[in-house]
Amino acid sequence: MRSLIHTLVYGSFFISCCAVAFCMETAWLLGLPLQRPAFYILVFCTTLVQYNLHYRIKKTANPGSERFRWSQSHKHLHLAFMLTGLAGAAVALCFLSLRHFLALAAIGCVSLLYSLPLLPFRQRKRIKDFGLLKILVLSLVWTLITVWFPYVNVRSSFNTEFWLVFGRRFVFMFVLCLAFDIRDADTDRKDGIHTLPVMLSRRFCYRLIGVLLLLFLALSVWELRNGGGLLRFNAMLLSMLATWLIIGYSRKQDGDMLYLAGIDGMMLLQAVLVGIGTL
């Protein structure tokens with residue numbers, strides 16, 4: 001059972017499920033019909049490819065990282081999951097008529113540049129090597145894939161409701177990404193990556209997380225005043241509180257499973273809470 005859990009989490013199946021859940025949450029929040037299964041297969045498979053690629057080529061990590069050790073000894077599984085994801089994405093595309101395929105392809109290229117050293121500098125760089133750009137790009141890509149992408153496949157005009165969901169999702173993803181940057185501060189400092197915790201301090205970033213979660217709540221209040229519904233507001237409130245608690249707990253416990261299943265799991269928790277409040 002332990003080996004299976006490691007494979008599901010470290011092999012990026014769990015984070016891929018979180019991406020699908022967030023896409024479904026967007027449909028519920030914006031009153032959209034759920035997409036065809038091929039759409040969610042595409043989102044799942046492309047996420048699976050990106051994360052397995054990232055960890056297959058990753059060369060440094062926090063000392064004692066269980067996931068890094070797992071990745072180093074299971075590179076064959078990362079490759080197998082990448083190939084599986086590519087095959088699944090190719091099949092899913094055959095059943096979709098994507099009106100925004102070029103934009104989606106551009107997002108995919110940006111995601112690859114996050115992990116692959118292809119930026120044209122004297123020494124090849126990745127987006128990940130630029131600390132502030134890294135967190136902005138990662139948060140934006142997640143927001144585009146899980147909010148913009150499901151929306152534009154159904155509607156073509158953007159209203160206030162859409163921008164509220166888009167902005168709140170970006171804030172939430174920024175919080176989760178910042179929690180990971182705090183954990184990785186020592187390794188990033190050693191590698192010369194100037195993330196916010198490296199440039200400022202961990203204490204400042206924890207305070208920033210608190211401010212951003214309050215902004216998340218304020219956007220939820222705004223949505224409630226625009227007719228978002230009390231059950232959905234309660235879902236966001238519970239999601240915010242759970243995120244604050246688990247990030248606070250991570251200040252004492254920093255194991256990989258806590259971050260990859262716990263902090264990343266806040267995406268799945270939020271989607272489940274919204275689903276309960278909607279259905």
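Predicted model: local features only at pLDDT ≥ 70, side-chain atom pairs only at ≥ 80, totals over all residues.

Q: What does F39 touch, leaving out residues up to four places away in sequence?
A: F39 touches C23, L96, F149, P150 and N153. Contact here means heavy atoms within 4.5 Å.

Q: Where does F39 sit, and is F39 buried or exposed?
A: F39 is in helix α3. Helices (H or I, at least four residues) and strands (E, at least two) are DSSP runs, numbered from the N terminus. F39 counts as buried because its relative accessible area is 0%; buried means under 20%, exposed over 50%, and partly exposed in between (1.4 Å probe, protein chains only).

Q: What is the average pLDDT of the chain?
A: The average is 90, and 96% of the residues score at least 70. The pLDDT is the predictor's confidence in each residue, from 0 to 100.

Q: Which elements have the lowest and the highest mean pLDDT?
A: Helix α6 (residues 101-115) has the lowest, at 79, and helix α2 (residues 13-30) has the highest, at 97.

Q: Changing topic: what volume does the largest pocket have?
A: The volume is about 1,000 Å³. On a 1 Å grid over the protein atoms alone, a pocket is an open set of points with protein on both sides within 12 Å along at least five of seven lines, while a cavity is a set where a 1.4 Å probe fits but cannot get out; lining residues have an atom within 4 Å of a point. Grid points are joined across faces, edges and corners, and a volume is the space filled by probe spheres set on the points.

Q: Which residues lie nearest the centre of the largest pocket?
A: They are T46, T47, Q50, Y51 and S111, out of 44 lining residues. The largest share of this lining, 10 residues, comes from α6. By class, the lining has 30 nonpolar, six polar and eight charged residues. Ala, Val, Leu, Ile, Met, Phe, Trp, Tyr, Cys and Pro count as nonpolar, Asp, Glu, Lys and Arg as charged, and the others, Gly among them, as polar.

Q: What about the second largest pocket: what is its volume?
A: The second largest pocket has a volume of about 500 Å³. It is lined by 27 residues, and K58, K59, T60, R126 and K128 are the closest to its centre. Its lining divides into eight nonpolar, seven polar and 12 charged residues.

Q: How many cavities of 30 Å³ or more are there?
A: There are two. The largest cavity has a volume of about 40 Å³, and V9, S12, F14, I15, Y51, R67, L260 and D264 line it.

Q: What lines the second largest cavity?
A: Its lining consists of E25, L29, V165, R168, R169, F172, F216 and Q270. The largest share, four residues, comes from α8.

Q: How many salt bridges are counted?
A: The count is nine, where a salt bridge is a side-chain nitrogen of Lys or Arg within 4 Å of a carboxyl oxygen of Asp or Glu. In one of them, D181 pairs with K134, and the closest N and O atoms are 3.0 Å apart. D181 is in helix α8 and K134 in helix α7, 47 residues apart. Both D181 and K134 are buried.

Q: Which side chain meets D188 in a salt bridge?
A: The partner is K134, at 3.9 Å from N to O. D188 is in helix α9, 54 residues from K134.

Q: And D186?
A: D186 meets R202 in a salt bridge, with 3.4 Å from N to O. D186 is in helix α9 and R202 in helix α11 (residues 202-225). D186 counts as partly exposed because its relative accessibility is 46%, and R202 is partly exposed, at 32%.

Terms used: Residues numbered from 1 in each chain as written. Heavy atoms only, no water.
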